[in-house]
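User: I'm new to this one and would like a friendly walk through it. Could you take my questions one at a time?

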Amino acid sequence: MAKAEENVYTLASLREHLIRQEDTIIYGLIERAKFPSNSNTYDDKYAQIPGFSGSLVEFVVKNAEDVQAKAGRYTNPKEHPFFPENLPPSNVPSYPFSQFLHPGPASININKSIWKMYFQDLLPLLATSGDDGNYAQTAAADLSLLQAISSRIHYGKFVAEVKFRDAPQDYEPLIRAKDREGVMKLLTFTDVEETVRKRVEKKATVFGQEVSLDSDNDGNGKRKFDPTVASRLYKNWMIPLTKEIEVEYLLRRLD
């Protein structure tokens with residue numbers, strides 16, 4: 001099974017997967033936008049949970065990751081925890097996941113950067129100011145969206161591996177020279193990035209509209225969230241962080 005999985009990794013198959021991930025992320029944005037900012041969710045002094053130091057969202061994420069680790073989530077090389085320290089081992093039988101990635105850079109995890117981006121940059125754009133008291137639900141929506149964003153960005157390691165295997169003669173000299181700028185230039189296609197941004201905004205416009213049975217008003221009413229937020233997420237953070245992952249992976253590909 002692992003060998004069969006390895007054979008499906010091509011740029012075309014990865015592109016198809018990334019397009020499907022757009023849907024998950026957009027629906028995650030819609031779910032989080034249902035709640036206002038609910039600042040108590042992120043206040044270290046609010047929850048005061050016995051035996052725990054931190055905010056409610058940290059409590060929810062850490063405990064969810066503990067349970068998911070026991071269920072085997074992080075034995076999959078496509079999954080990356082936000083709090084990898086002291087995670088419990090899996091309690092379920094292991095699955096023979098493909099060892100497609102090069103061992104050296106396979107462990108790259110930039111979730112600390114994703115966490116910072118999410119709360120400092122994305123959330124102020126997405127959530128309206130206010131407080132409705134639904135702090136646990138808000139944290140759960142944050143968790144789901146954070147994991148979707150992380151999965152998409154870290155998929156860059158698989159993209160980098162396929163690109164390297166397709167053209168090692170182009171990448172190896174740059175890697176040996178530690179030419180970070182050259183690697184970045186080689187894997188950057190601005191026209192593709194613009195296509196992704198436009199597609200995401202169009203999807204967000206369609207998915208985020210309030211559907212009416214009145215065909216004259218359908219799509220012209222209130223929207224669930226501003227679709228340009230999805231476009232900005234991809235342009236300003238998702239694509240740059242994915243490329244950062246690809247560069248870091250490739251610079252360690254010959255280790």
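Here are the questions and answers, starting with the ground rules.

User: What kind of model is this, and how are residues numbered?

Analyst: Residues are numbered from 1 along each chain as its sequence is written, and side-chain values use heavy atoms, with hydrogens and water left out. This is a predicted model, where local features need pLDDT of at least 70, side-chain atom pairs count only at pLDDT 80 or more, and totals for chains, interfaces and linings use all residues.

User: Which residues does F225 touch, leaving aside neighbours within four places in sequence?

Analyst: Contact means heavy atoms within 4.5 Å. F225 is one of the residues with the most contacts inside the largest core. With those neighbours left aside, its partners are I26, L29, I30, A33, L126, A204, G208 and A230.

User: How are α5 and α10 oriented to each other?

Analyst: Helices (H or I, at least four residues) and strands (E, at least two) are DSSP runs, numbered from the N terminus. Axes are lines fitted to C-alpha atoms, for helices over the stretch in contact, with angles from 0 to 180 degrees between N-to-C directions. The axes of α5 (residues 135-154) and α10 come within 8 Å and cross at roughly 50°. Under 35 degrees counts as roughly parallel, over 145 as roughly antiparallel, 65 to 115 as roughly perpendicular and the rest as oblique, so α5 and α10 are oblique.

User: How many nonpolar, polar and charged residues are in the contact of α5 with α10?

Analyst: From α5 come I149, R152, I153 and H154, and from α10 come L233, Y234, M238, L241, T242 and I245. For the sorting, Ala, Val, Leu, Ile, Met, Phe, Trp, Tyr, Cys and Pro are nonpolar, Asp, Glu, Lys and Arg are charged, and the others, Gly among them, are polar. The tally is 7 nonpolar, 2 polar and 1 charged.

User: How many salt bridges does the structure hold?

Analyst: Side chains of opposite charge can pair when their charged atoms come close. The rule used here is a side-chain nitrogen of Lys or Arg within 4 Å of a carboxyl oxygen of Asp or Glu. By that rule, the number of salt bridges is 16.

User: R165 and E161 form a salt bridge, so how far apart are they along helix α6?

Analyst: Their closest N and O atoms are 2.7 Å apart. R165 is partly exposed at 40%, whereas E161 is buried at 1%. Both sit in helix α6 (residues 156-166), 4 residues apart, which means about one helical turn.

User: Which helices does the salt bridge between K163 and E246 tie together?

Analyst: The closest N and O atoms of K163 and E246 are 3.2 Å apart. K163 is buried at 14% relative accessibility, and E246 is buried too, at 5%. The pair ties together parts 83 residues apart in sequence, because K163 lies in α6 and E246 in α10.

User: Where is R253, and which residues does R253 contact beyond four places in sequence?

Analyst: R253 sits in the segment after α10. At 13% relative accessibility, R253 counts as buried. Leaving aside neighbours within four places, its contacts are H102, P105, E161, F164 and I175.

User: What is phi of K178, a residue other than glycine?

Analyst: K178 is found in the loop between α7 (168-176) and α8 (180-187). With a relative accessible area of 56%, K178 is exposed. Its phi is positive, near 55°.

Key. A nonpolar core is a set of buried Ala, Val, Leu, Ile, Met, Phe, Trp, Tyr and Cys residues joined through side-chain atoms within 4.5 Å. Buried means under 20% relative accessible area, exposed over 50%, partly exposed in between (1.4 Å probe, protein chains only).
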